[in-house]
Amino acid sequence: QVQLVESGGGLVQPGGSLRLSCAASGSIFSINAMGWYRQAPGKQRELVATISAGGSTNYADSVKGRFTIARDNAKNTVFLQMNSLKPEDTAVYYCNARLSAYSDYRFRDYWGQGTQVIVSS
């Protein structure tokens with residue numbers, strides 16, 4: 001069984017910073033891309049940033065220059081450093097990993113449970 005567990009959300013003032021972490025655990029054979037998505041109240045889930053197994057990154061225009069995604073392949077962990085936070089960054093942030101498990105070696109998308117980020121004064 002595979003699990004993705006996020007941590008690091010919370011309440012922060014505008015202009016502040018937060019660092020999210022997501023650790024994948026279980027019977028993992030291989031991890032391809034990892035990423036972060038977010039969903040604000042009343043809105044659809046949207047991509048924030050992704051990182052390939054080789055380290056190539058992709059960001060939503062709204063977070064470029066403010067957020068940085070990184071991963072530790074040895075620990076099956078992905079991070080999201082969020083700086084210069086704005087109220088519009090308020091959302092539930094979800095970790096995603098495209099990985100294959102030892103059960104059948106097929107690549108599937110796995111999701112974390114989500115972590116709340118609130119940017120407010």
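On a 1 Å grid laid over the protein atoms alone, a pocket is an open set of points with protein on both sides within 12 Å along at least five of seven lines, and its lining residues have an atom within 4 Å of a point. Grid points are joined across faces, edges and corners, and a volume is the space filled by probe spheres set on the points. The model examined here is predicted, so local features need pLDDT of at least 70 and side-chain atom pairs count only at pLDDT 80 or more, while totals for chains, interfaces and linings use all residues. Residues are numbered from 1 along each chain as its sequence is written, and side-chain values use heavy atoms, with hydrogens and water left out.

The largest pocket holds about 180 Å³ of space. Its lining consists of 13 residues, with Arg38, Ala40, Lys43, Glu46 and Glu88 nearest the centre. Sorted by class, this lining comprises seven charged residues (Asp, Glu, Lys and Arg), two nonpolar ones (Ala, Val, Leu, Ile, Met, Phe, Trp, Tyr, Cys and Pro) and four polar ones (the others, Gly among them).

Turning to the covalent links, a search of the whole structure finds one disulfide (a pair of cysteine sulfur atoms within 2.5 Å). Cysteine 22 and cysteine 95 form this bond, with an S to S distance of 2.1 Å, and the link is left-handed, at -80° about the S-S bond. Cysteine 22 belongs to strand β3 (residues 18-26) and cysteine 95 to strand β9 (residues 91-101), so the pair ties together parts 73 residues apart in sequence. Strands here are DSSP runs (E, at least two residues), numbered from the N terminus.

Beyond neighbours within four places in sequence, its contacts (heavy atoms within 4.5 Å) include Val5, Trp36 and Phe79. Phenylalanine 79 sits in strand β8 (residues 77-82) and is likewise buried, with a relative accessible area of 18%. Among the residues that phenylalanine 79 touches, leaving out those up to four places away in sequence, are Arg19, Ser21, Trp36 and Ile69.

Arginine 66 is located in the loop between β6 (57-59) and β7 (67-72), and is buried at 11% relative accessible area. The side chain of arginine 66 reaches the backbone oxygen of serine 84 at 3.0 Å. Residues touched by arginine 66, not counting those up to four places away in sequence, include Met82, Ser84, Leu85 and Asp89.

How values were computed: Helices (H or I, at least four residues) and strands (E, at least two) are DSSP runs, numbered from the N terminus. On a 1 Å grid over the protein atoms alone, a cavity is a set of points where a 1.4 Å probe fits but cannot get out, and a pocket is an open set with protein on both sides within 12 Å along at least five of seven lines; lining residues have an atom within 4 Å of a point. Buried means under 20% relative accessible area, exposed over 50%, partly exposed in between (1.4 Å probe, protein chains only). A polar contact is a pair of N or O atoms within 3.5 Å; within protein, one must be able to donate a hydrogen and the other to accept it, and residues adjacent in sequence count only if both atoms are side-chain atoms.
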